[in-house]
Amino acid sequence: MLSHAKHELGEFMQGWVHAEAKLESSRRVTSRIIIHASPPMNSMMPSKQIILALAAGTFAVVFAIAGTALPEMSSYKVPLSNDISLEVYVGLFKTKTVYPPQLGTPTDVAKRECGDPPAAPDTGCFKALKSKCYATQAFIIIGVLASTSALVLTILPVPRFIAVVCAFVAAFSYLLVWGIYVHLGTTDPSTGANCGVKTDTTKIGTSLILIIFAWLLAVAQGIVLLLSSKYSAYSVV
């Protein structure tokens, strides 16, 4: 009788141990599922690369917009007499004429007309300057839109390469804009399509410098995003 009770007690203990083993195994599986399903805490915070990319993208947009708003891509002086001259500032969408104080005429800011460049209309230079004027206006808009898109896409859960492409498109657009103006300001006037508007008084303007900075920042943003994670902006880098 006693041996039978011991046998039943042994079977009960074995069953208890087996049940505990199954319970422990199910706990481990559950904990693994929770760990894999929940992102790590540090993945919910933006990384240093993302913060750097956001900063570069923000300043790129600000500089590009400021460079577009200021009518100062380049400037040159127009002599009125031996000691009096007015200064003309050429921007992407506006021109500004500053008259000498002796004349008492206020500064004039007007819309820039691409169809009226300083060249004879029957030359290849006229057509080239007109095309370059429209091209710079178009590419600065593309650049600002691409920079803004790269900035927004950096913080959205989308594939990172989309923001990278936008940043480099913006950089390429800014490069074309300031490159065209540098070429025009350093090339002598002629009748050919490769003509410039260089004079003895031609100077680089503030807008051109701002767009060069926007170009550098857009390149930096694209490189940082390219080297960071390939997934969302809040993925582990």
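In this predicted model, the link between Cys114 and Cys133 is left-handed, with -65° about the S-S bond. The sulfur atoms of Cys114 and Cys133 are 1.9 Å apart. Cys114 counts as buried because its relative accessibility is 5%, a value under the 20% cut-off. Cys133, at 3% relative accessibility, counts as buried too.

The count comes to two disulfides, and the other pair is Cys125 with Cys195. Here the torsion about the S-S bond is about 85°, so the disulfide of Cys125 and Cys195 is right-handed. Distant parts of the chain are linked by this pair: Cys125 is in helix H3 and Cys195 in the loop between H4 and strand S5 (203-204), 70 residues apart. Both of these cysteines are buried. Counting bonded cysteines along the chain, the pattern of the disulfides is 1-3, 2-4.

The largest nonpolar core has 16 residues, and Met73, Leu92, Ile140, Tyr174, Val177 and Ile211 have the most contacts inside it. At least two residues of this core come from each of helix H3 (124-154), helix H4 (160-186) and helix H5 (206-227). H4 supplies the largest share, six residues. Setting aside residues up to four places away in sequence, Met73 touches several partners, including Leu92, Val177, Tyr181, Leu208 and Ile211. There is also a second, separate core of 10 residues, with Leu153, Ala163, Val164 and Ala167 among them.

Note on methods
Residues numbered from 1 in each chain as written. Predicted model: local features only at pLDDT ≥ 70, side-chain atom pairs only at ≥ 80, totals over all residues. Heavy atoms only, no water. Core = buried A, V, L, I, M, F, W, Y, C linked by side-chain atoms within 4.5 Å. Buried < 20%, exposed > 50% of the residue type's maximum accessible area, 1.4 Å probe, protein only. Helix = DSSP H or I, 4+ residues; strand = E, 2+ residues; numbered from the N terminus. Contact = heavy atoms within 4.5 Å. Disulfide = S-S within 2.5 Å.
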